[in-house]
Amino acid sequence: MKTGLSPEATARKHALDVLATAPAKALAERWDAYGDKPEHQRLRGPETGLVMVRGRAGGGGAPFNLGETTVSRASVRIVTGEVGHGYCLGRDLDKAEAIAVIDALRQRDASRIEAEIIAPLEALALENDATRKNETAATRVDFFTMVRGDN
Amino acid sequence: MYVAVKGGEAAIANAHRLLADRRRGDRTVPALRLDQIVEQLGLAVDRAMGEGSLYDRELAALALIQARGDLIEAIFLVRAYRTTLPRFGYSEPIDTGAMRIERRISATFKDLPGGQMLGPTFDYTHRLLDPSIVGADADAPMQREAGDEEAPRVTDLLGREGLIEADGALAEGEDVGDLTREPLDFPLNRDLRLQALARGDEGFLLALGYSTQRGYGRTHPFVGEIRIGEVDVEFDIPELGFAVNLGRIRVTECQMVNQFKGSAKIPPQFTRGYGLVFGQAERKAMAMSLVDRALRAKEFGEDIVAPAQDEEFVISHSDNVQATGFVEHLKLPHYVDFQAELDLIRRMRAEFEGKREAAE
């Protein structure tokens, strides 16, 4: 992983991370609700391919190839000239293209994209994660020691 | 000599049509939908995905329906599909230490940071068939405030005291091997063995792991930790100049802790076997970690006396798509081969008869 990203790159990465992780349906709802979408031209894709997922021996050791995953990607240029890139797991080409357009648009109007799309999707992800985490926590084992009688 | 024979086109077409009919079954029963398979036969989906070596739950579900539930056939379909897609590249290694944990247990430490969480497990069920689940809804799961306690890998806890061998790093100048790109050339490095085991047949690896427990290459294993949950897949995007998260995948990791090795230079340490598998696949991850440890025999100077320690034997036979291809090819026409065998046996019998008559 790259470190020392510029603040803009960090913000862009954060937005792309949230968009890729968002459920397709939730992303589509947010994007549908977004007014004045720009016209865009496809530069590459949308297309589906494979990424080989790597693990590490022992969890933290030498990398090895675990297996592939489907990935969709798209690159677009919006009418105002900004180029956006979208990547996400799976074969949902519409999702990849929407991410690319949102990525391009974010370069023009970051605050609106953040407020209307990224922040709500992130809040949803946090809520879903918290629910799952709490469901798992309910299965946590509380060990107790049986105290034997002293006779 | 090969003699080309044609025929059977109509029979084949009709057989496939018959297969489609039998796959669909009784038309008065509703047809399966992909989402039903994904949601309600999740572990079969995970197995098709893991051994198909392609993370895509919907594709694995489709493969299961198309294969009428035949897992190896489904795995075959998934493997065939992956060959139709271009490869974009390799991900950054996933970080199982940062997993969003859904199950996490240790058989070596009762009280460990982050706790033991049973998750959605079959353990402690009574294995009694329960007709009441058919067509019924389930209660919502219980919840309990989780807090922010970290759950470090158990092997990292032991590692801090130096009691266990380190994870190890890639040797200087070595590339990560990829068996989907290069044919296997024995002996293998551990990275290629782990790749092969991760996509290997669960039944085969389970039997081999079991054999080590029964004494065929004993390794004295303990489950240091099993964890199941979601991890981020980060992928470096050249056009952006940084890696982004593509989304999350669920994996199962097993850290097997095995008895000691030391040397003149290194004091005795626990040794390790590692299992990592797509989806929720605990039995497979455990079997993989047992076999991984057994296959490290040479590295630890152990005598290779058992099948599970024999790298070429294990890795050459762990792939069920390869195995089924070679076993099942026997049912294809071998008419000419067999004709030659028939000729041979007739000649041998004629010779035998000739000798007997001469002796009389």
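A residue counts as buried if 20 or more other C-beta atoms lie within 10 Å of its own, and as exposed if 12 or fewer do. Keep that rule in mind while reading this predicted model.

Start with helix H1 of chain B, residues 9–24. This helix has 16 residues. From its first C-alpha to its last, H1(B) reaches 23 Å, close to the 22 Å expected at 1.5 Å a residue. Now apply the rule. The count of buried residues among the 16 residues of H1(B) is 0, so the helix is hardly covered. After H1(B) comes Gly25(B), with a positive phi near 65 degrees.

Now look at helix H1 of chain A, residues 7–21. H1(A) has 15 residues and reaches 21 Å from first C-alpha to last. That is close to the 21 Å expected at 1.5 Å a residue. H1(A) does have buried residues: Arg12(A), Ala15(A), Leu16(A), Asp17(A), Val18(A), Leu19(A), Ala20(A) and Thr21(A). What do the buried residues of H1(A) pack against? Within chain A, they pack against helix H2 (24–33), E3, helix H3 (93–106) and H4. From chain B, strand E5 (242–261) joins that list.

One of these partners deserves a second look. Two packed helices are described by the angle between their axes and the distance between the axes. For H1(A) and H4(A), residues 110–137, the angle is about 50 degrees and the axes are 9 Å apart.

Next, step back to see how the two chains meet. In all, 53 residues of chain A are in contact with 67 residues of chain B. On the chain A side, H1, strand E1 (40–56), strand E2 (63–78), strand E3 (83–89) and H4 each supply at least two residues. Which element gives the most? E2(A) does, with 11 residues. By class, the side of chain A that touches chain B has 22 nonpolar, 18 polar and 13 charged residues.

Chain B can also be viewed as a whole. There are 12 helices and 6 strands in this chain. Its C-alpha atoms fill a box of roughly 85 × 65 × 55 Å, taken along the principal axes. Of the 360 residues of chain B, 37% count as buried. Consider the contacts in chain B with a separation of 6 or more: 63% of them come from residues 24 or more positions apart.

Pro152(B) sits in the loop between strand E3 (100–105) and helix H6 (154–160) of chain B. Its C-alpha atom is separated by 9.4 Å from that of Thr96(B), and the two residues are 56 residues apart along the chain. Leaving aside neighbours within four places in sequence, Pro152(B) is in contact with Gly97(B), Pro113(B), Gly114(B) and Leu157(B). Is Pro152(B) buried, exposed or partly exposed? It has 14 C-beta neighbours inside 10 Å, so Pro152(B) counts as partly exposed.

Finally, turn to the backbone. A cis peptide bond joins Gly45(A) and Pro46(A), with omega about 5 degrees. Pro46(A) is in strand E1 of chain A. The bond from Phe186(B) to Pro187(B) is also cis, with omega near -5 degrees. Pro187(B) lies in the loop between H6 and helix H7 (190–198) of chain B.

Two residues other than glycine have a positive phi to look at. Phi of Ser53(B) is near 60 degrees. This residue is in the loop between helix H3 (42–52) and strand E1 (54–55) of chain B. Ser53(B) is buried because 27 other C-beta atoms lie within 10 Å. Phi of Tyr124(B) is near 70 degrees. Tyr124(B) is in the loop between E3 and H6 of chain B. Is Tyr124(B) buried or exposed? With 6 C-beta neighbours inside 10 Å, Tyr124(B) counts as exposed.

Key: Residues numbered from 1 in each chain as written. Chains lettered and ligands numbered in written order. Predicted model: local features only at pLDDT ≥ 70, side-chain atom pairs only at ≥ 80, totals over all residues. Helix = DSSP H or I, 4+ residues; strand = E, 2+ residues; numbered from the N terminus. Expected span 1.5 Å × (residues − 1). Axes fitted to C-alpha atoms, helices over the stretch in contact; angles between N-to-C directions. Contact = placed C-beta atoms within 7 Å. Nonpolar A, V, L, I, M, F, W, Y, C, P; charged D, E, K, R; others polar.
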